[in-house]
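This report covers two positions in one chain and the confidence of the model around them.

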Amino acid sequence: MPGGITKAAVAAVIAAAVASTTSAQATPLPNPVTDQVSTGSHVGVYSHPYDTPANKLGYTPLSNGDYLMIDCWVAGGQVGNAGDVWYRTWQVEYANGSSWATVTDPWWTFAPYVDGALYFHRNIVPPC
């Protein structure tokens with residue numbers, strides 16, 4: 001290779017760049033971002049990123065126009081044919097202003113029902 005650069009040196013630089021990029025993407029956002037429910041689905045709030053009655057918390061499901069604060073996503077439980085992407089959720093607000101909840105342990109909301117998984121597909125939130 002020109003200038004004395006070896007294939008091993010090039011490979012090491014590429015591997016370091018990939019590792020750096022991968023680890024940077026795997027860090028949740030330092031400050032959650034606001035997302036708005038924009039689908040016709042009712043969005044349940046769960047204690048874990050999969051849909052089972054035991055994991056469903058007792059909150060009124062979120063509907064179109066409600067807000068939530070999210071900081072990252074995980075591939076969790078599959079819901080029908082809609083996918084398996086779940087947002088880690090720290091806060092919810094109902095559009096009518098009647099209820100606002102903030103949590104210290106994260107909740108989980110199913111991304112395809114929140115916004116069609118838009119924040120996932122557009123890389124607005126990173127993987128957890």
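Threonine 39 lies in the loop that joins strand E1 (33-36) to strand E2 (67-75); strands are DSSP runs of at least two residues (E), helices are runs of at least four (H or I), and both are numbered from the N terminus. The model is a predicted one, in which local features need pLDDT of at least 70 and side-chain atom pairs count only at pLDDT 80 or more, while totals for chains, interfaces and linings use all residues. Residues are numbered from 1 along each chain as its sequence is written, and side-chain values use heavy atoms, with hydrogens and water left out.

With a relative accessible area of 16%, threonine 39 is buried (buried is under 20%, exposed over 50%, partly exposed in between, for a 1.4 Å probe and protein chains only). Its side chain reaches two backbone atoms, as listed here.

| Side chain | Backbone atom reached | Distance |
|---|---|---|
| Threonine 39 | nitrogen of serine 41 | 3.2 Å |
| Threonine 39 | oxygen of tyrosine 113 | 2.4 Å |

Apart from neighbours within four places in sequence, threonine 39 is in contact (heavy atoms within 4.5 Å) with Asn64, Pro112, Tyr113, Val114, Asp115 and Gly116.

Alanine 75 belongs to strand E2 and is exposed, at 55% relative accessibility.

The pLDDT, the predictor's confidence in each residue from 0 to 100, averages 80 over the chain, and 77% of the residues score at least 70. Residues 7-25 have pLDDT below 50, and this stretch has 5 contacts in the model beyond near neighbours in sequence.

Technical notes:
Polar contact = N/O pair within 3.5 Å; in protein donor to acceptor, adjacent residues only side chain to side chain.
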